[in-house]
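Me: Hi! Could you walk me through this one? I'd like to start with the backbone.

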Amino acid sequence: MLFKSGSVQFRMASLCREEFTPEVYRPGVISLSRLLWGSLGGGLLLAIIAFASRLTGVAVLFPPLAATCFINSTCVFLRVARPKPVIVGHFVASIGGLAGCWVGSFLGAETGYVVALKLGFAVMFAAALMQIFDADHPPAAATAAIPAILPLPMPAYLLPVHMAWGATLAVLFAMAWNRLWFEFPASDIDHRERTCGLYMHLPQIAGLVICAAGFALLCLQRLFPAAHTAGTAVMLLGVALLGTHHFFGMRRSK
């Protein structure tokens with residue numbers, strides 16, 4: 001059953017593959033499938049991240065990852081929901097946020113506007129890095145801003161790797177959850193051909209696999225202390241491949 005109110009559609013059809021097409025499973029359409037599957041997926045994903053963080057001792061910032069959970073469950077056909085923007089976005093935004101806090105503290109140490117400066121520089125640096133590394137992911141802007149106003153649950157130098165850990169879990173869950181109904185990551189203008197059954201370029205798949213290995217190693221840190229060092233190194237390698245592969249295919253255009 002379909003109803004329309006201005007630019008918004010209301011669909012009351014039961015869960016079926018037709019209700020998960022890009023034309024229907026999107027903002028602007030209030031559908032029973034999106035309400036049930038998307039909301040359940042977002043809530044379940046954040047609960048899993050919180051449970052895994054508590055179990056493994058890998059501390060993360062939950063507010064920005066909560067926004068990621070929403071996007072990866074209900075706005076899945078947007079480019080910002082793809083694995084690369086999610087993982088690399090949170091990683092580089094963490095670096096930008098920490099750099100912005102340092103610059104803001106340095107310039108505003110003798111003023112009453114240090115927090116405002118830290119916030120401004122943190123988001124500015126994070127936005128620049130996300131664009132440079134082709135990893136636009138709006139929730140990551142919150143990852144950059146939080147260090148400017150709240151104490152971190154981990155040493156600052158661990159923030160980028162720990163946020164990549166949480167983002168990797170978000171991506172892996174989204175791939176398992178969404179692919180019950182449709183292709184995820186979804187095809188778009190830059191990803192029209194399948195590689196290994198996924199609408200992703202081969203370097204992106206390799207980077208995601210390496211990040212998943214780093215995620216698994218970090219999960220073992222309480223059992224094997226050396227696993228944290230190994231997991232950090234592997235995660236850095238995976239993020240580096242995900243975030244830089246587009247530079248190697250650059251061609252000059254007139």
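Me: How much of residues 58-80 is helix, and how far apart are the end C-alpha atoms?
Reply: Keep in mind that this is a predicted model. Residues 58-80 are 57% helix and 0% strand, and their end C-alpha atoms are 24 Å apart.

Me: Thanks! And what about residues 113-133?
Reply: That span is 90% helix, again with 0% strand, and 30 Å separates its end C-alpha atoms.

Me: Which regions does UniProt list as transmembrane?
Reply: The unreviewed UniProt entry lists several, including 58-80 and 113-133, and also 35-52 and 230-248 among them.

Me: New topic: where is Asp 134, and what is its phi?
Reply: Asp 134 sits in the loop between helix 4 (114-132) and helix 5 (139-149). Its phi is positive, about 50°, although Asp 134 is not a glycine.

Me: Why point that out?
Reply: Because most residues other than glycine have a negative phi.

Me: Is Asp 134 buried, exposed or partly exposed?
Reply: Asp 134 counts as partly exposed because its relative accessibility is 28%, between the 20% and 50% cut-offs.

Me: What about Cys 196: where is it, and what is its phi?
Reply: Cys 196 is in the loop between helix 6 and helix 7. Its phi is positive too, near 55°.

Me: And is Cys 196 buried or exposed?
Reply: Cys 196 is exposed, with a relative accessible area of 67%.

Me: Last one: which peptide bond is cis at Pro 185, and where is Pro 185?
Reply: The bond from Phe 184 to Pro 185 is cis, with omega near 0°. Pro 185 is placed in the loop between helix 6 (159-178) and helix 7 (202-219).

Definitions and conventions. Residues numbered from 1 in each chain as written. Predicted model: local features only at pLDDT ≥ 70, side-chain atom pairs only at ≥ 80, totals over all residues. Heavy atoms only, no water. UniProt positions renumbered as here; feature names shortened; annotations may be inferred. Helix = DSSP H or I, 4+ residues; strand = E, 2+ residues; numbered from the N terminus. Buried < 20%, exposed > 50% of the residue type's maximum accessible area, 1.4 Å probe, protein only.
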